Amino acid sequence: MEKKVLSKEEIQSLTDIKEKYRELVDVLGANEMQIMSLELVKEQIKSNLVLIKEEEIKIGKELEEKYGNGTISLESGEFSPTE
């Protein structure tokens, strides 16, 4: 079987496609890294939310022990007991 040689244009077309493929792989990799980074940030935010909720519950229990059941106005600082 006789070997055939591709034209310069055909080789350039294949080279261009290969380069475009490489660029897409690079972009995809960069996007995946950004997604992973955002997921890590999201997990940290969730952890912080859990800590804040735990602190809120702790303070709520302390205030309930001190003042009883009721509501607090943060604007005025007043406690209103519930009946």
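Helices here are DSSP runs of H or I with at least four residues, strands are runs of E with at least two, and both are numbered from the N terminus.

What we have before us is a predicted model, in which local features need pLDDT of at least 70 and side-chain atom pairs count only at pLDDT 80 or more, while totals for chains, interfaces and linings use all residues. Residues are numbered from 1 along each chain as its sequence is written, and side-chain values use heavy atoms, with hydrogens and water left out.

Let me turn to the overall form. The chain contains 1 helix and 2 strands, and the order of these elements from the N terminus is α-β-β. Its C-alpha trace spans about 100 × 25 × 15 Å along the principal axes. The radius of gyration is 32 Å, whereas a compact globule of 83 residues would have one near 12 Å. That radius is taken over C-alpha atoms, and the globule rule is 2.2 Å times the number of residues to the power 0.38.

How much of the chain is made up of buried residues? Of the 83 residues, 0% are buried. Buried means under 20% relative accessible area, exposed means over 50%, and partly exposed lies in between, with a 1.4 Å probe and protein chains only. The accessible surface of the chain amounts to about 8,400 Å², and carbon and sulfur atoms account for 59% of it. Such areas come from the Shrake-Rupley method with a 1.4 Å probe, and for residues only the protein chains shown count as cover.

Some separations give a sense of scale. Val-25 belongs to helix 1 and is partly exposed because its relative accessible area is 43%. Between Val-25 and Leu-63 there are 57 Å from C-alpha to C-alpha, at 38 residues apart in sequence. Gly-70 sits in strand 1, residues 70-72, and counts as partly exposed because its relative accessibility is 36%. Its C-alpha atom is separated by 24 Å from that of Val-50, 20 residues apart along the chain. Glu-78 lies in the loop between strand 1 and strand 2, the latter being residues 79-81. With 52% relative accessibility, Glu-78 counts as exposed. From Glu-78 to Glu-9, 69 residues apart along the chain, the C-alpha separation is 82 Å.

Let us return to Ile-59. Which residues make a nonpolar surface patch? Ile-59, Leu-63, Tyr-67, Ile-72 and Leu-74 form one of about 500 Å². Patches consist of residues with over 30% relative accessible area and no salt bridge; like charges are joined within 9 Å, and nonpolar side chains (Val, Leu, Ile, Met, Phe, Trp, Tyr) within 5 Å. The most is given by helix 1 (residues 8-67), with 3 residues. Ile-59 counts as partly exposed because its relative accessibility is 39%.

I now come to charge. The chain has 12 positive and 19 negative charges, whose mean positions are 11 Å apart. Lys and Arg count as positive and Asp and Glu as negative, while His and the chain ends are not counted. Each charge is placed at NZ of Lys, CZ of Arg, CG of Asp or CD of Glu.

Side chains of opposite charge can pair when their charged atoms come close. How many salt bridges does a search of the whole structure find? The search finds 4, a salt bridge being a side-chain nitrogen of Lys or Arg within 4 Å of a carboxyl oxygen of Asp or Glu.

Among them is the pair Glu-19 and Arg-22, with closest N and O atoms 3.1 Å apart. Both lie in helix 1, 3 residues apart, about one turn of the helix. Glu-19 is partly exposed because its relative accessible area is 36%, and Arg-22 is partly exposed at 42% relative accessibility.

Further along helix 1, Glu-56 and Lys-53 are 3 residues apart, about one turn of the helix, and their side chains meet in a salt bridge at 3.1 Å, N to O. Glu-56 has a relative accessible area of 47% and is therefore partly exposed; Lys-53, at 43% relative accessibility, is partly exposed.

Another salt bridge joins Glu-62 to Lys-58, with closest N and O atoms 4.0 Å apart. These two residues are separated by about one helical turn because they are 4 residues apart in helix 1.
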